[in-house]
Amino acid sequence: MTTPTLSPGEVDRRLASLAASVVLGADDSRALTSLLTFRVEHPRIKRRQPLRLAAGLALAVLVIGIGNLAAAYYAPTYGQALAATPVLGGVADPLLHGFGLTEQNAVAFSSRATSNGHTIRLVTGYADGLRTVMLLEIDGRGLAGNPKQYGLHPGDYGIGEGVSLTDQFGHSYKQSGVNGPTGLQFEPLGWPASKVGARLTMHVTGLTEQWLIDSKGPNAVLAGDWTLNATLLPASVRELPLPAPVRTADGTFTVTMVRRTGSELQIRWTLRGPINDRYDGLAYSKSAESNRTELQQLERRYFSASFFDASGQPVYGIDSGGEWDNGKPFMGTLNLTVTQPGRYRLQLANALTSPDDQRWIAVP
């Protein structure tokens, strides 16, 4: 059965009629597919009717213009050649790298909003198949200087709990990963925005007085109403070959995923065997509290991966963690900032010091 191709006008009509709570069906999916392959056909010219020809051309230009507006709004990938991306600047490199970004893959924004005497500006962001990142400044602060010092001085505000992020199709995104006062991470873009690009709306209803958190606790909040907008085209995610497992008497270390997107490298790995069983026995026993010292030693030796470049210098991560479920293999995650291609060494545990236990990953 041949799938019918929708006309540009039908595409625009479907996109323009989408409600905020839309659930896209088969026809809408075909509309978006048609949008991605949209081509404008030249009008047929009838030389015997010059006046009609002129009117027809004017109408065609008008229709094409309206079509461009609708298509570019609902599918930013369609309009990406119509506008240039501004140049990013003013964001401290440590903060960019802390979120796995560089000046090459971060997208500059210019949206700002003022409420209750304070201005929030959406400065830069990034999206791929793993996450969506937004970096903001509040009253001109939060992105420059030493990120570790932010929040210690009066006037250092952070984004509070009242924040939401939605796309042009009404899809909402939850916060995920590691977040900071002016740097937020959300779930990856959902379909169809992940395919055609996202026009995002961020709504903020509260700022946190970072320098007063210790003294005021949950009361260190300033209410307001800020709405900011951004357009993001998602970067592609590339799956890299998996290295061979590391088998030792203590257990088997297996890399289950290596993904590269932009400047982020995500590695997932598991550990199963005697040392994992030993940890479970200590952690889930009735005397788990008294076993804390031994548990910490095991964590440092067997449950903490490290990553190095070809010269032996450590590559620092965005975040790392693991999951211990009783009776199941340990599952570890390592999210790293890798800005240069090359060969990198993965050490899946501090106890694995033998050259035969090291694994090398080629990052394109």
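Predicted model: local features only at pLDDT ≥ 70, side-chain atom pairs only at ≥ 80, totals over all residues.
**Aromatic pairs**

A pair of aromatic rings is described by the distance of the centres and the angle of the planes. Searching the whole structure gives six aromatic pairs. Two of these pairs involve Phe330 and are set out below.

| Pair | Distance of centres | Angle of planes | Class |
|---|---|---|---|
| Trp269 and Phe330 | 5.2 Å | 65° | edge-to-face |
| Phe303 and Phe330 | 4.9 Å | 80° | edge-to-face |

The planes of Trp269 and Phe330 stand at 65°, so this pair is edge-to-face, the class being given to angles over 60 degrees. Trp269 belongs to strand 13 (residues 264-272) and Phe330 to strand 16 (residues 330-337), so that the pair links distant parts of the chain, 61 residues apart.

For Phe303 and Phe330 the planes are at 80°, and the pair is therefore edge-to-face. Phe303 lies in the loop between helix 8 (292-302) and strand 14 (306-308), 27 residues apart from Phe330 in strand 16; this pair, too, links distant parts of the chain.

Residues under 20% relative accessible area count as buried. Trp269 is buried because its relative accessibility is 3%, and Phe330 is buried because its value is 1%. Phe303 is also buried. One aromatic cluster is formed by Phe253, Trp269, Tyr279, Phe303 and Phe330.

An open sheet is built from four strands with antiparallel pairing, in the order 1-2-3-7. Strand 1 (107-115) and strand 7 (183-186) are the edge strands, each pairing on one side only. From one strand to the next, the twist averages 25°. Strand 7 pairs with strand 3 (residues 132-138) in the antiparallel sense, over four bridges. Gly183 in strand 7 is the bridge partner of Leu135.

**Second largest pocket**

Rolling a probe the size of a water molecule over the atoms shows where empty space is left. The second largest pocket has a volume of about 350 Å³. Its lining has 18 residues, of which His97, Gly98, Tyr316, Gly317 and Thr337 are the closest to the centre. Helix 4 (93-98) and strand 15 (317-323) are the elements that give two or more residues to this lining. Helix 4 provides the largest share, four residues. By residue class, the lining of the second largest pocket contains 10 nonpolar residues, seven polar and one charged.

Notes: Residues numbered from 1 in each chain as written. Heavy atoms only, no water. Phe/Tyr/Trp six-rings, centres within 6.5 Å; stacked < 30°, edge-to-face > 60°. Buried < 20%, exposed > 50% of the residue type's maximum accessible area, 1.4 Å probe, protein only. Pairing = 2+ DSSP bridges. Axes fitted to C-alpha atoms, helices over the stretch in contact; angles between N-to-C directions. 1 Å grid on protein atoms, 1.4 Å probe; cavity = no way out; pocket = protein on both sides within 12 Å on 5 of 7 lines; lining within 4 Å. Points joined across faces, edges and corners; volume = space filled by probe spheres on them. Nonpolar A, V, L, I, M, F, W, Y, C, P; charged D, E, K, R; others polar.
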